[in-house]
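Q: I have not looked at this one before. Can you walk me through what is there?

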Amino acid sequence: ILGVATNYGVGDVQQWHFNIQHALGGGMVFEIGYIGSKTSHMDQPVEYNAFLPGTQRRPLTQFGNVELITLDAAGNYHGLLAKLEKRFSRGLTFLQTYTWSKAFMDSFAGNGAERHNNPYNRSLEKGLAETDQRHRSTSAWLYDLPFYRGRRDLAGQILGGWQINGVLVLETGLPLHPTQSLKPVDDGCPRCTHRPDRLRDGRLSESERTLARWFDTTAFAQVRDTPANRYGNSGRNILTAPGLVNLDFSIFKNFPLTERKNLQFRWEMYNAANTPPFSPPGLSIGTGNFGRITSAGAARETQVGLRLEF
């Protein structure tokens with residue numbers, strides 16, 4: 001049964017920020033600031049009719065499991081943002097940004113999220129938000145090369161009119177945590193996502209990580225229903241998925257036809273450096289892919305085209 005709390009309404013967000021801008025020479029502007037926010041009354045699904053501890057009897061005996069959408073989830077965000085921007089002049093413009101932030105949620109939020117490890121103690125779900133991304137840097141630029149600019153002779157048609165563009169994204173991975181398919185407690189919560197025991201930290205340094213061993217799998221142990229009859233102590237979002245290094249790069253060649261018409265040749269490369277965007281590792285303890293990364297996103301893609309501007 002799916003139910004909705006009688007006081008179900010709309011969550012709220014409070015935001016505050018402070019930033020400083022400073023004009024530099026050469027048409028550049030530097031900005032640094034802090035942004036924070038607090039979210040309250042966010043919806044989350046909870047098991048409302050789990051078995052009473054140590055029994056197979058539900059509080060509402062006339063019903064089976066009852067999933068209730070409540071407004072109990074809350075969280076906060078704090079971030080440092082820096083930006084350097086150059087306005088377009090002399091054929092060049094660029095934008096550099098960097099964000100250092102941390103986001104917390106005291107539970108899973110959203111109807112599509114995983115369910116709790118322990119339906120009797122939801123406070124143990126407090127941890128990093130699924131959207132927490134500690135570091136993120138973006139660089140974007142456009143440079144209209146000055147060589148033979150404006151010349152309409154043969155040398156200008158061949159050597160002039162070149163333009164290079166790029167976007168570089170560097171970001172750390174999103175948080176994740178191991179799970180186990182075996183129910184350690186017969187709690188009457190069929191959709192609860194149970195976690196194993198955490199024996200030690202489990203995180204590996206960058207020099208220790210490999211695709212076959214993204215985190216220390218021996219740091220986690222499956223909790224069995226006999227004789228444990230307890231929940232695993234592993235927290236939520238205690239590990240980190242692979243980050244991303246992605247460069248999109250393009251080269252344009254402009255052929256002026258008339259004062260108002262221009263033919264542009266475009267060579268565009270997505271993920272130009274061919275750095276694999278690795279998928280998260282396997283998270284289900286006891287499976288062959290536990291801690292292993294077995295897939296990645298799209299590799300380098302290239303396309304060429306002609307564009308007539310008039």
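A: One term to begin with: a contact means heavy atoms within 4.5 Å. With that, residues 24 or more positions apart account for 69% of the contacts in the protein chain that have a separation of 6 or more. Keep in mind that this is a predicted model.

Q: OK. What does the secondary structure come to?
A: The protein chain has 1 helix and 15 strands.

Q: Why is the chain said to be more spread out than a compact globule?

A: The globule rule gives 19 Å for 310 residues, and the radius of gyration here is 27 Å, well over that value, so the chain counts as more spread out than a compact globule. Along its principal axes, the C-alpha trace spans about 90 × 45 × 35 Å.

Q: How much of the protein chain counts as buried?
A: Of the 310 residues, 36% do. The accessible surface of the chain comes to about 17800 Å², and 58% of that belongs to carbon and sulfur atoms.

Q: Which residues line the largest cavity?
A: Arg203, Leu204, Arg209, Trp214, Phe215, Leu239 and Thr240. They divide into 4 nonpolar, 1 polar and 2 charged. Arg209 and Thr240 are in this cavity lining, and both are also named among the residues closest to the centre of the largest pocket.

Q: Now some single residues. Serine 234: buried or exposed?
A: Serine 234 counts as buried, because its relative accessibility is 2% and the cut-off for buried is under 20%. Its place is in the loop between strand 11 (220–221) and strand 12.

Q: What does serine 234 touch?
A: Not counting residues up to four places away in sequence, serine 234 touches Pro178, Arg195, Pro196, Asp197, Arg198 and Phe220.

Q: Where does threonine 217 lie?
A: Threonine 217 is in the loop between strand 10 (197–198) and strand 11. At 25% relative accessibility, it counts as partly exposed.

Q: What is threonine 217 in contact with, beyond its neighbours within four places in sequence?
A: Phe290 and Gly291. Threonine 217 also has a C-alpha to C-alpha distance of 9.3 Å to arginine 292, and the two are 75 residues apart in sequence.

Q: Next, tyrosine 143. Which strand is it in?
A: Tyrosine 143 is found in strand 7 (residues 135–144). Its relative accessible area is 28%, so this residue is partly exposed.

Q: What about the phi of histidine 41?
A: It is near 60 degrees, again a positive value in a residue other than glycine. Histidine 41 lies in strand 3 (residues 28–47) and is partly exposed, with a relative accessible area of 43%.

Q: Last one: which residues is tryptophan 267 in contact with, neighbours within four places in sequence aside?
A: Phe249, Ser250, Ile251, Thr302, Gln303 and Val304. Tryptophan 267 is in strand 14 (residues 262–270) and counts as partly exposed at 34% relative accessibility. The C-alpha atoms of tryptophan 267 and alanine 219 are separated by 48 Å, and the two residues are 48 apart along the chain.

Key: Residues numbered from 1 in each chain as written. Predicted model: local features only at pLDDT ≥ 70, side-chain atom pairs only at ≥ 80, totals over all residues. Heavy atoms only, no water. 1 Å grid on protein atoms, 1.4 Å probe; cavity = no way out; pocket = protein on both sides within 12 Å on 5 of 7 lines; lining within 4 Å. Nonpolar A, V, L, I, M, F, W, Y, C, P; charged D, E, K, R; others polar. Helix = DSSP H or I, 4+ residues; strand = E, 2+ residues; numbered from the N terminus. Rg over C-alpha atoms; globule rule 2.2 N^0.38 Å. Buried < 20%, exposed > 50% of the residue type's maximum accessible area, 1.4 Å probe, protein only. Areas by Shrake-Rupley, 256 points an atom, 1.4 Å probe, with all protein chains shown as cover.
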